[in-house]
Amino acid sequence: MLKGRHLIEPTDFSTEEMEKLFVLAGKIEEKPEDYREICRGNVLATLFFEPSTRTRLSFEAAMLRLGGSNLGFAEPGSSSSVKGESLADTIRTVACYADAIVMRNPKEGSALLASRSSVVPVINAGDGGHHHPTQTLTDLLTIRQMRGKIEKLTVGFCGDLKFGRTVHSLVEALSRYSGINFVFISPKELTIPDYLKSQALLKSNVNFTETADLENVIGDLDILYMTRVQRERFFNEEEYIRLKDSYIVNPAKLKNAKKDMMILHPLPRVNEIDTEVDKDPRAIYFRQAKYGMYVRMALLSSILLGDKYA
Ligand code: NCD
């Protein structure tokens with residue numbers, strides 16, 4: 001039962017609990033009118049200390065489409081954190097006004113810290129370069145709905161695997177499914193962190209390879225998960241400029257890809273997927289953004305109301 005639970009890391013929920021969410025998200029997508037009023041009277045706080053389009057707006061849309069209400073801020077400059085208030089005090093206060101809190105913050109570990117000060121569920125909407133578990137729910141639901149199952153897949157992660165929190169979370173979560181192979185494609189400066197290799201990959205015996213050459217491996221992939229280079233996490237702007245266009249997917253590069261390969265991207269895209277690719281049936285990223293809203297509707301109803309609608 002997910003009622004009252006926090007969601008801080010991508011493996012906080014079991015695969016069975018996640019499957020329940022995906023089933024519910026599918027039902028909501030099919031018949032949204034049945035769920036229009038279920039969260040009436042509930043209030044969600046969205047506290048965004050970092051920029052966001054999809055995550056914040058899809059959470060707020062999810063809450064509104066369930067009949068609930070939102071409050072919060074998208075601009076930390078308008079909150080008391082600029083007066084020096086601690087995160088713990090901000091969260092304790094917001095927990096007096098809201099039934100659940102969604103927070104994005106540039107500091108790794110901040111979501112866990114927030115959950116310790118909160119009497120209501122805290123959902124991590126991104127803590128620095130660490131994790132982004134609701135993007136993972138989005139990604140997994142997209143794969144499940146498009147493929148019918150989440151198993152026996154070769155998944156290529158391409159771009160900034162060092163700082164990309166959506167990559168870190170999806171790698172951990174996918175490692176729990178059977179028959180998954182990973183191909184990590186990045187420049188050597190942006191490879192996947194060692195802790196992920198030792199914690200998630202080596203422990204679960206997942207096969208993985210690392211390369212800098214996308215074109216060489218694209219034909220092996222069932223899923224190509226593109227990411228942008230995370231400018232805001234670089235210490236040095238020149239290094240960012242040097243690495244930012246390491247990979248640009250265009251129709252020519254897709255020639256050798258499987259006919260049913262799915263191209264996913266958490267978005268925002270900067271330059272890494274040519275807009276010409278948007279017309280390709282393998283380009284799933286905007287559909288993925290829509291699944292993000294349905295899975296957040298399922299998540300909010302489950303943590304606020306329990307299994308009543310599952
Ligand atoms: C991602 C994030 O914030 O980590 N965006 C999102 O939530 N869809 C990816 C990114 O910013 O590159």
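**Entry 1: the largest pocket**

I looked up the largest pocket and found about 490 Å³ of space in it. The model is predicted: local features need pLDDT of at least 70, side-chain atom pairs count only at pLDDT 80 or more, and totals for chains, interfaces and linings use all residues. Residues are numbered from 1 along each chain as its sequence is written, and side-chain values use heavy atoms, with hydrogens and water left out.

I noted the terms. On a 1 Å grid over the protein atoms alone, a pocket is an open set of points where a 1.4 Å probe fits, with protein on both sides within 12 Å along at least five of seven lines; lining residues have an atom within 4 Å of a point. Points are joined across faces, edges and corners, and the volume is the space filled by probe spheres set on them.

The lining has 28 residues, and Arg104, Arg165, Arg228, Leu267 and Pro268 are the closest to the pocket's centre. I sorted the lining by class: six nonpolar, 14 polar and eight charged. Here Ala, Val, Leu, Ile, Met, Phe, Trp, Tyr, Cys and Pro are nonpolar, Asp, Glu, Lys and Arg are charged, and the others, Gly among them, are polar.

Helix 10 gives the largest share, five residues. Helices are DSSP runs (H or I, at least four residues) and strands likewise (E, at least two), numbered from the N terminus. Where does this pocket lie? It lies between domain 1 (15-131 + 292-309) and domain 2 (133-288), because both give residues to its lining. The domain bounds come from an automatic or database assignment.

**Entry 2: the ligand**

Then I checked polar contacts, pairs of N or O atoms within 3.5 Å. A ligand oxygen is 2.8 Å from a side-chain N or O atom of His132. Another check gave 2.7 Å between a ligand oxygen and a side-chain N or O atom of Arg228. For Gln135, a ligand nitrogen is 3.1 Å from a side-chain N or O atom. The protein covers 94% of the 320 Å² of accessible area that the ligand has on its own (Shrake-Rupley method, 1.4 Å probe).

**Entry 3: backbone**

I looked at Pro268 again, in the loop between strand 9 (262-264) and helix 10. A cis peptide bond joins Leu267 to Pro268, with omega about 5°. Most peptide bonds are trans.

Conventions
Polar contact = N/O pair within 3.5 Å; in protein donor to acceptor, adjacent residues only side chain to side chain.
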